[in-house]
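Let's take a walk through this one together. Have the sequence and the 3D view open side by side.

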Amino acid sequence: MSSTLINGLFVFMLAAFIGFEVIRRVSPLLHTPLMSLTNALDAIAVVGAIVLVGKHESRLSFVLGMLAVIAATSNIVGGFLITDRMLKMFKTSRPTKP
Amino acid sequence: MNTLPVTQPVIEITYLVASILFILSLKWMSSPSTARHGIWAGEIGMLLAIGGTLLQHGIVDYKWIAIALVLGTCVGIPLGLVQMTAVPQRTALSHAFGAFCVTLVGTAEFYLRSPQIPRFTMTVLSTEVILGSLTFTGSLMAAGKLQEVLPQRPITYKGQNLVNLFLLAIAIAGAGYLVLHPGARQLFPLMLGISLLFGVLMIIPIGGADMPTVISLLNSYAGLSAAAMGFVLDSKLLIIAGALDGSSGLILSIIMSKAMNRSFGNVLFGAFGQVQATAAAGQEARTVRSATAEEAAAILSAANKVVVVPGYGMAVAQAQHKVRELYDALSKRGVDVRFAIHPVAGRMPGHMNVLLAEADIPYDRLVEMDDINGDFPQTDVALVIGANDVTNPAARTDSASPIYGMPILDVDKARTVMVIKRSMSPGFAGIDNPLYYLDKTLMLFGDAKSFVNDIVRELAGGGS
């Protein structure tokens, strides 16, 4: 067991706990936008794909990387866009709100 | 490269800041008043992370990166502009895209590094590819079912679970062999292919009503596969984002499975959605009372408190805007109108909330099941629009019912119940609903949208 592995497991464990605690508090009202937002955030996998394209180590890795960047970018753009559209719609009837 | 010692810490710091922003982004989603800050945080985090990555040592091909980013944006914009009623299938599709990306990167990494892959790396790499590929095909199937390109009815056959488990076991065994012998390149496509097949077979037996749980579960799988990719690439940012997404999906699937009274183990193994159409045969012909829009309007306008219970039928009929007109018309007459939201109403978590918010219904009028159930005895009219199983009192009373034990909205406790429904045909799960035969229940037969429209017209024309 290398130390990078141990570090990774620590990070994973802590992030999972933070995720549980933070997301438990999300109002059920917002579960749909929550899912589209996590979807957009998850598309951070694009960084791995960018490296594959940018390093161009083999033809296979380049082609797969290109497709991966396209797929992830569409999730980033589409995910943030639709989350924003959804959240804009949530209005309260209380007139005090801006 | 004498710039290397400088850029590496810079990159790491952009990743650190991006991680913080991602966590804040989710934290701000806890309330509608801060949620839009969450989007900004997420977007800034994402830009930072991508910017940092571009600084990375060894990246030479910026032109193609730019082309791919532009192409991805072109695909993403239409996906961000779909109609609100199409959000469930859009979400399933984006799970598929995310998983597709992870699978491709995993595959590329395998062929770049094989046969020099340490055992641990190969373990997480196989996890990444198996989870990613089954999520990819599974999500495509789910999207197909939600878009009704594929049949929504569950398709089951004998020994289905056994076949599925067997396939998964082969894929895992393949992964095990690869961990020990990472040079066995010919085994990799087999593992990939079986996982892709497993994803399809996993979703085949699942019906539309179970989609909220399935979408959440696929969300979780997509996150976990991204976290596994983070281990492969030794990227803490990816591990964090994947873990956040994974736990989010897991929490949602737990909430959904509780709301359907299914055990969590049942959900994890995907062996669900098999509520058989135990046809309510041998029923004596029971009578129902039906009413016209005019009568319904009269009862509604005489009420003090009305609770509307929306379901998937409202989404299908696109009736949310008409429901808003009804809400306005009744509110103007001083009727207190609220909406009761069952956690699994619709096809994904929070589906009804988004549709009603789209129709400009204030979100403080949308009340969760546990908060509104106590109010039904004091409610004059419960108006059920396109919901069925979530209002079925058999879940409380009939231990022989397939949905026995599922938490429901206690609409039968309201003084009058009105149900807008196209016909008496049973709901998705094929379960008869005793609610319809109660003396206090009035069936309003018709399309949800046009019937609500008729009620609104009666309210407007019927004098003040």
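**Helices and where they meet**

Start in chain B, at B:Asn261, which sits just after helix α9(B) and takes a positive phi of about 55 degrees. Keep in mind as you look around that this is a predicted model.

Now step back into α9(B) itself, which covers residues 236-259.

Next, find a pair of helices elsewhere in chain B. Helix α4(B) runs over residues 87-113 and helix α5(B) over residues 119-146, and their axes are 7 Å apart. The angle between α4(B) and α5(B) is about 155 degrees. Since angles over 145 degrees count as roughly antiparallel, α4(B) and α5(B) are therefore roughly antiparallel to each other. Their crossing is left-handed. As for what lines the contact between α4(B) and α5(B), you'll find 15 nonpolar, 9 polar and 2 charged residues.

Compare that with another pair in chain B, α13(B) (residues 320-332) and α17(B) (residues 448-461). The axes of α13(B) and α17(B) come within 9 Å and cross at roughly 25 degrees. That angle makes α13(B) roughly parallel to α17(B), because angles under 35 degrees count that way. The crossing of α13(B) and α17(B) is left-handed.

Which residues make this contact? From α13(B) come B:Lys322, B:Val323, B:Glu325, B:Leu326 and B:Ala329. On the α17(B) side, look for B:Lys449, B:Val452, B:Asn453, B:Ile455, B:Val456, B:Leu459 and B:Ala460. Sorted by class, the contact of α13(B) with α17(B) has 8 nonpolar, 1 polar and 3 charged residues.

Finally, zoom out to see both chains. Here 78 residues of chain A are in contact with 96 residues of chain B. On chain A, the elements that give two or more residues to the side touching chain B are α1 (3-24), α2 (31-42), α3 (46-55) and α4 (59-89). Which of them gives the largest share? That is α4(A), with 26 residues. By class, the side of chain A that touches chain B has 47 nonpolar, 23 polar and 8 charged residues.

Conventions:
Residues are numbered from 1 along each chain as its sequence is written. Chains are lettered from A and ligands numbered from 1 in the order in which they are written. This is a predicted model: local features need pLDDT of at least 70, side-chain atom pairs count only at pLDDT 80 or more; totals for chains, interfaces and linings use all residues. Axes are lines fitted to C-alpha atoms, for helices over the stretch in contact, and angles run from 0 to 180 degrees between N-to-C directions. Helices (H or I, at least four residues) and strands (E, at least two) are DSSP runs, numbered from the N terminus. Angles under 35 degrees count as roughly parallel, over 145 as roughly antiparallel, 65 to 115 as roughly perpendicular and the rest as oblique. A crossing is left-handed if the near helix is turned anticlockwise from the far one by less than a right angle, and right-handed if clockwise. Two residues are in contact if their C-beta atoms, placed from the backbone, lie within 7 Å. Ala, Val, Leu, Ile, Met, Phe, Trp, Tyr, Cys and Pro count as nonpolar, Asp, Glu, Lys and Arg as charged, and the others, Gly among them, as polar. The expected span of a helix is 1.5 Å times one less than its number of residues.
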